[in-house]
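Subject: Structure handover and notes

Dear colleague,

Please look through the model first and then read on.

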Amino acid sequence: MSSPTLDRVLDAVLRVDAQFDIRFISEPGQRWFTAIPGSELPTNFVDILHPDDVAGFKQTLAGTPETFSLDLRILKGGTECWINLRSYRLHAAHQHVFCVFDISMWKTEDSALRHAAQHDELTGLPNRALLKSTVEQRLKSGGNPFSVALLDLDGFKKVNDTYGHAMGDAVLIETTKRLIKLLGPGDMLARLGGDEFVLLYDNKNAEAAQQALKNVLLAVARPYDAAPHNAYLGVSIGLAEYPAHGDDYSTLLKNADTAMYYSKNAGKNRVTVFTLTEANLDFSIRAAIHNGIQDGEFYMDYQPQYDMDRRLIGAEALMRWTNRDLGRVGPDQFIPIVEDAGLMPFLGKWALRYSCHQLRKFQKLAPDFVMSVNVSPVQFGSDHFDVEVMDVVKETGIDPSKLVLEITESTLMSSQQKTERALARLREQGIRFSIDDFGTGFSSLAYLTRLPVSSIKIDKAFIWAMGESEPTPASSSDRKLISAMINLAHSIDLKVVAEGVETEHQLAFLKAAGCNVAQGYLTGRPMSASDILRQIQPEEALA
Ligand code: C2E
Ligand code: CA
Ligand code: CA
């Protein structure tokens, strides 16, 4: 928007500070603002902006280092007035100079249409078209890295289908409000449609963006005012970085989308950075996984679990892969590919056998040590799952009552009679089951009482949502929610494990709330078997 004729009708010059308080208005500007009798001079620029234009204005301001031009509506003497705003940043003073051109006269329907064409009607956010042009502008100005995160809400369809579109819309608006608060200078939030959003992180590589996205996971994990309390939402995120993962808009978006798809597949509510998941790499990764299994590139780490008096009681076995070419690859990245390639039954069985062999060694020193092993839905669906597990138990000679299999809510909810029978048979042999990532699915509690489950693992997102330290009003409802989950589990004789415990405050709260077991970076990161043994042995020496 830069018609040369505009220069002739400069109506006001303003200088605003970082809070948008107006520090100066030119004399003609003062006359222009007060032309309508009874009207006053504005004191804050955002206060006079049309509510629908505030978000766009702030984003543009934050997103452009030096100068920009934007068409906006302001309220002047009680009436709406279209202006063209040219902004110039005064770096040292953290202030801006705004040149205001009254363009109401020429503001035809045409430009209103253009605004509509670039914004999403429901949320007022920039839409796909504006996102594209913004990204292309950044690419043209070159140089600085940035990241594109594609967000797709988990569980949104369920809200929409169960409670209707009005509630679906309310959830989208609430999500928008939460996410806008997290935008840093230069960042942009756009809505692509449906429950898909894009976060454009200015000047951030994937690693930095990943850090920032942790807050996005937390923000979405909080219960929604707009939705019933049993409707938990999550968000699956895919991340691509410029220039490493593409140097044009469509490649970046496509790659973020591929990574998002892997987040969904890996159990949702997480961030996947595009690297490995690049479609054309996929084939060679399959080959690498295949060879890796044969070449012994896979191994297990063990994350210690403690009771509330900080006594080591067991560990969760977590799969690791260090490839010659790719380096360390996280299970969130490779497991979806392994599943896709049909290798999961094989690799899952390998993991179980490996962990049980290790458990046998731990049990020699600490007979009560409990090992938790993750089971993929793919494994669970196999015809002989129970037989395979019992084979491993016999082969390794472990005490089966010290083996816990972690399964996700969705595995249970979509389970067939066949799998329920397998579960029951394994339970008869003493093996226990824990519901992993509890709270992230749309669970009916009926299955918890019906199936032979002995504990739940509250998903990390809930632990993180309670905050890192002192409670705030926002986190207090999350704390109540955790207490409710614990009480509910106890009422049907289930033990409760909290995962992702990172601070003393969280641990203290969980202890007071009656949680049974804690696992997290606070008490111990995933570590090697020999590190676990070192933790077991001193106690053994004392005994
Ligand atoms: P999960 O089963 O929910 O495992 C817990 C994940 O949370 C682990 O990530 C662990 O390192 C991480 N974690 C634990 N405490 C904290 C904390 O305090 N802060 C933070 N930021 N993270 C924490 P990891 O090892 O990357 O595993 C990711 C997922 O991969 C697992 O999620 C599980 O779904 C899957 N996975 C790992 N090993 C296996 C396996 O042997 N079989 C199957 N089927 N899936 C596995
Ligand atoms: Ca787990
Ligand atoms: Ca978990």
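This is a predicted model: local features need pLDDT of at least 70, side-chain atom pairs count only at pLDDT 80 or more; totals for chains, interfaces and linings use all residues.

Residues are numbered from 1 along each chain as its sequence is written, chains are lettered from A and ligands numbered from 1 in the order in which they are written, and side-chain values use heavy atoms, with hydrogens and water left out.

The domain assignment (bounds taken from an automatic or database assignment) gives domain 1 (4-109), domain 2 (119-274) and domain 3 (284-542). The C-alpha centres of domain 1 and domain 3 are 56 Å apart.

A pocket here is an open set of points on a 1 Å grid over the protein atoms alone, where a 1.4 Å probe fits and protein lies on both sides within 12 Å along at least five of seven lines; lining residues have an atom within 4 Å of a point. The second largest pocket holds about 1,100 Å³ of space, a volume being the space filled by probe spheres set on the points, which are joined across faces, edges and corners. Its lining numbers 37 residues, and T60, T64, L130, T134 and Q137 lie nearest the centre.

The calcium ion (ligand 2) is coordinated by E316 (OE), N374 (OD1), E406 (OE) and D436 (OD) at 2.1 to 2.3 Å; donors are N, O and S atoms within 2.8 Å of the metal (3.2 Å for Na, K and Ca), and sites may look incomplete because water is not among the atoms. N374 lies in strand β14 (residues 370-374) and E406 in strand β15 (residues 403-408), so the pair ties together parts 32 residues apart in sequence. E406 counts as buried at 2% relative accessibility, while N374, at 29%, counts as partly exposed (buried is under 20% relative accessible area, exposed over 50%, partly exposed in between, with a 1.4 Å probe and protein chains only). D436 also coordinates the calcium ion (ligand 3), which is 4.1 Å from the calcium ion (ligand 2).

Finally, Y201 is found in strand β8 (residues 196-201) and is buried, with a relative accessible area of 3%.

Conventions:
Helices (H or I, at least four residues) and strands (E, at least two) are DSSP runs, numbered from the N terminus.
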